[in-house]
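This report describes a two-chain model, shown below.

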Amino acid sequence: MHDARDAEDALLLEARDHVALLAAYHDVVVQRCLVGTRDESGYDVAQNVFMRLWKELVRGKTYGVPYRVVVHKVVDWTLKQHFTGRPTDVPLPEGWDPVDASDAYAEVEGRDLDSLWADLPEGAREVLDLRYGEGLEIDEVAARLGKTRNAVDQALHRAHDTLRGRIGDA
Amino acid sequence: MPDVAQLFDEWAAALGRGERPDALSFIRRAGAGADELATMMDRYLRARPRTEPDPETVELARAWLEGNAPLVQLRVRRGVTRDAVVDAVLEEFSLGPDRRAVVKRYYHELESGRLDPARLSRQLLDLLTRVLETPAASILAWRPRPLDVAPALRAARSVAADAVFETAARARAPAPDDEEVRALFISER
């Protein structure tokens, strides 16, 4: 599921299209920083994440992993520094490497929604795709799949429990 | 206990619609389930493929990278003048025309990044989302990029230098000459 976006990112990196690259990750960085800090300081952390990503891009640094992994690792690193009281408004250290910096690299690298939902029944995955992938309302999901609302509710509930359990195990 | 699964469902569906749901609001609503919800949200964000940015986000990112003020970019993109925003603030909070100058100054400070948007009062933030036709998240998240400070200057900062910086910072900050307006722009929400 990530492959197409990773390929797009590689092209943007090659073209040095920093605007498109940072814009593409803006929402996920802000959301992750807010979820991580659980207060408004998340906006400051997000700003510092973007500063760090931008400085690295300007330096022309290249990575042996998809840019997606770099972004998530910079978020992890910056949040960790934030919570340990270290300054986050400074560039990443020289030689910083997302793989070396990661103790959960494989999780970020390999984890996508397909693998998260792999054990769900086909029907539940369809419900999740429409509900979370497209953001449809429950009634719209039911109409699209030709099911009753109750059937969608039940499928969603079961899928949800499974998803929550799977996520918790990650 | 709040239904964490329900909150996750609402939040993830909003993301799926391309909205910018207020993550903090969802976590606060979770109460005792905040840890569980935050963990679910974070893991989901890691797994979810990034989406294509809308043209406005690209323009805001461009403004940010070029060192311009994203909030100005947002306002100009909507065809709203700074005076129109000031008028809206005066009207919304029943402030007389004699307060126009101070409101304008505070708003200028906000646009130029000298006021922290996270300190805006909820009422003013709500008004700005309506006037600028943008989610609160955009106003809160897009701040002017800090200007680079030469490393030598950082290293050379001393107690005396800090005093100079502090004095300069105080001089830049809006004077607390109108407590009502100040409370709109610098609140403790």
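## Chain A

Of the contacts in chain A between residues at least 6 apart in sequence, 64% join residues at least 24 apart; two residues are in contact if their C-beta atoms, placed from the backbone, lie within 7 Å. The chain has 9 helices and 0 strands, with the order α-α-α-α-α-α-α-α-α from the N terminus on. Helices (H or I, at least four residues) and strands (E, at least two) are DSSP runs, numbered from the N terminus. Of the 170 residues in chain A, 39% are buried. Buried means that 20 or more other C-beta atoms, placed from the backbone, lie within 10 Å of the residue's own.

This is a predicted model, in which local features need pLDDT of at least 70 and side-chain atom pairs count only at pLDDT 80 or more, while totals for chains, interfaces and linings use all residues. Residues are numbered from 1 along each chain as its sequence is written, and chains are lettered from A and ligands numbered from 1 in the order in which they are written.

## Chain B

The domain assignment, which is automatic or from a database, gives chain B domain 1 (4-47) and domain 2 (55-150 + 177-185). The centres of these two domains, taken over C-alpha atoms, are 27 Å apart.

In helix H5 (residues 70-77) of chain B, the buried residues are B:Pro70, B:Leu71, B:Gln73, B:Leu74 and B:Arg75. They pack against H4, helix H6 (82-92), helix H7 (100-111) and H9 of chain B. Just after H5(B), B:Gly79 has a positive phi of about 70°.

## The side of chain B that touches chain A

Contacts between the chains involve 37 residues of chain B and 44 residues of chain A. On the chain B side, two or more residues each come from helix H1 (4-16), helix H2 (23-29), helix H3 (34-47), helix H4 (55-65) and helix H9 (136-141). H3(B) gives the most, with 11 residues.

By type, this side of chain B has 24 nonpolar residues (Ala, Val, Leu, Ile, Met, Phe, Trp, Tyr, Cys and Pro). It also has 10 charged (Asp, Glu, Lys and Arg) and 3 polar (the others, Gly among them).

## Nonpolar core

A nonpolar core is a set of buried Ala, Val, Leu, Ile, Met, Phe, Trp, Tyr and Cys residues joined through C-beta atoms within 7 Å. The largest has 81 residues, and A:Val29, A:Cys33, A:Ala46, A:Val49, B:Leu37 and B:Met41 have the most contacts inside it. Helix H2 (residues 18-37) of chain A gives the most to this core, with 12 residues.

Neighbours within four places in sequence aside, A:Ala46 is in contact with A:Val29, A:Val30, A:Cys33 and B:Ala141.

Conventions
Buried ≥ 20, exposed ≤ 12 C-beta atoms within 10 Å, placed from the backbone.
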